[in-house]
Structures are given as C-alpha cells and as structure tokens.
Amino acid sequence: MPSELTPQSDLQEYPSGFRAGYIAVVGRPNVGKSTLINRIIGQKVSIVSEKPQTTRSRLLGIYSTPQAQLIFIDTPGIHKPIHSLGEAMVKAATSSLKDADLAAFLVDASVPPTDEDALAAQAVKTHAKNIPTILVLNKIDLVSGSKLQEMEALYRELHQFDHIVPVSALNGDNLDTLVSTIISRLPDSPPFYPPDQITDQPERAIAAELIREQVLMHTYQEVPHAVAVVVDEYKQRSEDMTYILATIYVEKDSQKGIIIGAGGRMLKAIGQAARLELEALAGTRVYLDLRVKVRKDWRKKHPKLGLMTYT
Ligand code: GDP
Ligand code: MG
C-alpha cells in the first residue's frame, strides 16, 4: 500500500472481513496487461494496442465487489530514446511492485518466454519478496491444452510463483478464478476508493487516451509514436450532451497530412470512432471537436506533452 494513502474508512459502511489492496500487473509489453484490467473492470480505462509502448502513465484500475476492492496498477509504456526497452520495463515493474500488496505477473502463454519475460520475472524476484505472486498465463484462447502445459512448465521456471492461473483477457475466460485468487490473498482492509470509482485518472485523461488510441489504430504504421493528444475542453453541456475539444499534436507537416487525410476523411474516421468510445465514457452523446497541430520535435523539446495527455 502506498504510504501516502490511508484507507478511507469513513467512505461508507463496509462489511467486516472486507479486503482491499494494490495489485501490480507486471509483464513485458504486449502480453495483455491493459486488456486484462479493462476486462475485469468492464470498461476501458487503459489503452490497448497491438503495438507495444501505448500505456504511458501509471494507471489505477479499480474493481469493487461487495466484499473486496481490487486496485490494479497498470505499468507504463516505454520510451525507447530514454532507456533501452528492457531497462525501462524493469523500472516500470519495479516502481509498481514497491506499492503493491500482490504481484500479478502476466505472460503470453501462446509463445515461449522471451528475454524480456525473464527480465520482468527478475524484477518480481527482487521486488516482490514479501508479497504473494500470481503467474497469469494469458491468451489461452490461442493455445491448445497440451501446448499450454508445455508453456506453463517453461514459465514456472522463471520464478517460484504462489499461484498459477490461466486466462484469456480477450474473451474473459477464467477471469473469475483470477479475481477470487487475488481476493484470497489481499489484506483485510477498508476500501480506498468509493465503490463506483473505476480509475484515478480524470475523465479528460481517459478521453485523451481514447482519442490517441484511435489515431494509432487508424494510422497504423504511418504515424510513429509522434502523437500526443491534449483535451482542451470537456464540458457536459446538457443532460445528454458532452462537448469535447481536443488537439492532436504531431511533429511534422507530413504527419498532419496523414492524420487529416484526403478531403479530411481520415480525421473524420478517427473522430467517429473516438466519439463512440467517448460516449461510453461520458454516458451521454458526445460532440467531438478535433484539431491537428504540428509542434516540431515535441518529443525532444516538450517531453512532458507525451506524459501529460490533458491540460
Ligand atoms: P500490454 O502491453 O501488456 O498492456 O498489452 P495490451 O493489453 O495492449 O494487449 C496487447 C495485444 O494483445 C492487443 O492486441 C490485445 O488485443 C491482445 N490480447 C490481450 N489479451 C489477449 C488474449 O487473452 N487473447 C488474445 N488472443 N489476444 C489478447
Ligand atoms: Mg498496456
């Protein structure tokens, strides 16, 4: 439990025997950490991508049941220019493990362990000495039974895990077992957050991430990680209408051209897809105003833009 946080026992009545705690979700990029957290929470709080390095800041996903509160710490993505991939991943895992009551080590069970899996496991070995560890074998929808046993044996060798749970974060298979295994190892504690809160991220930050996700999906391979999104305005204008003004920042005129597309078609498609996601977030219809601006070399000159996705 992070020391600056104390349980908010005055939040409301909670049953005796209530359990609550922080779960560090660690693993190399692309194993499905964000997908898992979103799936358990039942709403998108973390962005998912086929390309690694999409989760930018440390993010809490909160799942409450009548008996327990599970606070998932999603680990941030990697800034290659600053650190080597492995180094950055280990740093991220390490920082989330420091605050955790439990470690969920996620792997892609459809492929054998990679060097990065081994590195991440090393971080667990070093920093999760005093907390329970769960090996989560994800993507079982891609593996046959006998192959899964083979993979399990390989992943078991990485660390002496306390529990092993095979799941599919994508289709939800066996996530109930994972949740009950987690709860069984959480400390007795009052909840830290109100039961209806699903993340510590402000709506604007999630909105920016959802828009950025659509930009990445629509411009696959064409625009590198040179995209930052800032939500300039987020206002519920009436009972059933939220107005959102956002700016997509890129580094080059050519990237701006790609995002706008011929006759503005690309930007329109991005906007339409993002609007659907934003409506689910806001719970109202959304009027989305998107702008595209070039800020030359923002990653070098304004590195914070990539971290601060909202103003
Ligand atoms: P992260 O980098 O660990 O956060 O991984 P993401 O959650 O962004 O997922 C990476 C990719 O794996 C995405 O394309 C997901 O759709 C995919 N994925 C995640 N979980 C599963 C799963 O259980 N089965 C399959 N088939 N794909 C998955
Ligand atoms: Mg992620």
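Predicted model: local features only at pLDDT ≥ 70, side-chain atom pairs only at ≥ 80, totals over all residues.

Reply: Residues are numbered from 1 along each chain as its sequence is written, chains are lettered from A and ligands numbered from 1 in the order in which they are written, and side-chain values use heavy atoms, with hydrogens and water left out.

Let's start with helix α6, residues 203-218. Helices (H or I, at least four residues) and strands (E, at least two) are DSSP runs, numbered from the N terminus. The expected span of a helix is 1.5 Å times one less than its number of residues, so the 16 residues of α6 should span 22 Å, and its end C-alpha atoms, 23 Å apart, agree with that.

How much of α6 is covered? Mostly: 12 of its 16 residues are buried. Buried means under 20% relative accessible area, exposed means over 50%, and partly exposed is in between (1.4 Å probe, protein chains only). Among the buried ones are Ala205, Ile206, Glu209, Arg212 and Leu216. The cover over them includes β7 (228-238), β8 (241-250), α7 (253-260), α8 (265-282) and β9 (285-294).

Now pick out Glu203, which also sits in α6. Glu203 is partly exposed, because its relative accessible area is 41%. Leaving aside neighbours within four places in sequence, Glu203 is in contact with Tyr234 and Leu281, where contact means heavy atoms within 4.5 Å. Glu203 and Ala282 are 79 residues apart in sequence, yet 8.1 Å apart in space, C-alpha to C-alpha.

Over in strand β5 (residues 133-138) you'll find Leu135. Leu135 counts as buried because its relative accessibility is 0%. Beyond its neighbours within four places in sequence, Leu135 has contacts including Phe105, Val107, Tyr155 and Phe161. Leu135 and Pro166 are 31 residues apart in sequence and 8.2 Å apart in space, C-alpha to C-alpha.

Last, helix α1 (residues 33-41) packs against helix α5 (residues 175-185) at about 90 degrees, with their axes 11 Å apart. Axes are lines fitted to C-alpha atoms, for helices over the stretch in contact, and angles run from 0 to 180 degrees between N-to-C directions. That makes α1 roughly perpendicular to α5 (65 to 115 degrees; under 35 is roughly parallel, over 145 roughly antiparallel, and the rest oblique). Leu36, Arg39 and Ile40 of α1 meet Leu175, Leu178 and Val179 of α5.
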